[in-house]
Amino acid sequence: MSYNVLIVEDSASMRSFIISSLEEIDRFQFFEVSNGFDALKLLPRVKFDLIITDINMPDINGLELANFIKKDKRYRHIPIIIVTTEQNPEIQKKGAALGTECYITKPFTPELIQRVVMEQLKMKG
C-alpha cells in the first residue's frame with residue numbers, strides 16, 4: 001500500500017528534508033506545494049492520506065489551511081501534522097483546537113518525523 005502525502009512548506013530545503021527523511025520508509029507518494037493556496041487547489045485532485053504543513057507561509061498560512069480542511073467533510077478525516085519554528089503555546093493550542101493531530105517544532109530529526117508519520121498512518125515499523 002502506498003500513501004499520498006501532501007507537504008505544504010514555503011522552504012524548498014525543508015520540503016526536501018521532510019521527503020528525504022520519509023523516503024526510507026518507501027511507501028509514500030509525495031506532493032509538494034509552497035503555500036496554502038496551492039494546497040487548496042490540489043485537495044480535490046488527489047486522495048491524500050496525510051498533510052504536513054508549516055504555519056508561516058505566504059497567502060494562506062498553515063492554521064488557515066488546517067481550519068479549511070477540518071471544517072470540510074470531504075477532507076476532515078485527513079491527519080494534519082504541523083511543522084513550524086513557532087514555539088508559542090498559544091499557537092499550538094490554536095492548532096489543536098482546529099483538530100490538527102500533531103505539532104512538531106523545527107529543527108527536528110528524521111527519526112522524529114518518521115515516527116510521527118507512522119503513528120498517524122497507523123503503520124507498523
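Reader: In the loop between which two elements does D49 lie?
Author: This is a predicted model, in which local features need a pLDDT of at least 70 and side-chain atom pairs count only at pLDDT 80 or more, whereas totals for chains, interfaces and linings use all residues. Residues are numbered from 1 along each chain as its sequence is written, and side-chain values use heavy atoms, with hydrogens and water left out. Helices (DSSP runs of H or I, at least four residues) and strands (DSSP runs of E, at least two) are numbered from the N terminus. On that numbering, the loop that holds D49 runs between α2 (36-42) and β3.

Reader: Is D49 buried or exposed?
Author: The classes rest on relative accessible area, with buried under 20%, exposed over 50% and partly exposed in between (1.4 Å probe, protein chains only). D49 has a relative accessible area of 16%, and therefore counts as buried.

Reader: How far apart are the C-alpha atoms of D49 and S2?
Author: Along the chain, D49 and S2 are 47 residues apart.

Reader: With which residue does K106 form a salt bridge whose closest N and O atoms are 2.9 Å apart?
Author: A salt bridge here is a side-chain nitrogen of Lys or Arg within 4 Å of a carboxyl oxygen of Asp or Glu, and the structure holds nine of them. K106 lies in the loop between β5 and α5 and its partner in the loop between β1 (3-8) and α1, so this pair ties together parts that are 97 residues apart in sequence.

Reader: How far apart are the closest N and O atoms in the salt bridge of D54 with K106?
Author: D54 is buried, with a relative accessible area of 5%, and K106 counts as buried because its relative accessibility is 13%. In the salt bridge between D54 and K106, the closest N and O atoms are separated by 3.6 Å.

Reader: Where do D54 and K106 lie, and how many residues apart are they?
Author: D54 and K106 form a salt bridge. This pair links distant parts of the chain, with D54 in the loop between β3 (50-53) and α3 (62-71), K106 in the loop between β5 and α5, and a separation of 52 residues.

Reader: What is the relative accessible area of R74, which forms a salt bridge with D72?
Author: The closest N and O atoms of D72 and R74 are 2.6 Å apart. D72 counts as buried at 13% relative accessibility, whereas R74 is exposed, with a relative accessible area of 51%.

Reader: Which residues do salt bridges that share partners join into one network?
Author: K106 has a salt bridge with E9 and another with D54. Through shared partners, salt bridges form one network of E9, D54 and K106.

Reader: What is the angle between the planes of F28 and F30?
Author: Rings of Phe, Tyr and Trp (its six-membered ring) pair if their centres lie within 6.5 Å, and planes under 30 degrees apart count as stacked, over 60 as edge-to-face and the rest as tilted. The structure holds four aromatic pairs. F28 and F30 form a tilted one, 5.8 Å centre to centre, with an angle between the planes of 45°.

Reader: Which residues do ring pairs link into a cluster?
Author: F28 and F30 are both buried. Ring pairs link these two with a further residue, and the cluster consists of F28, F30 and Y3.
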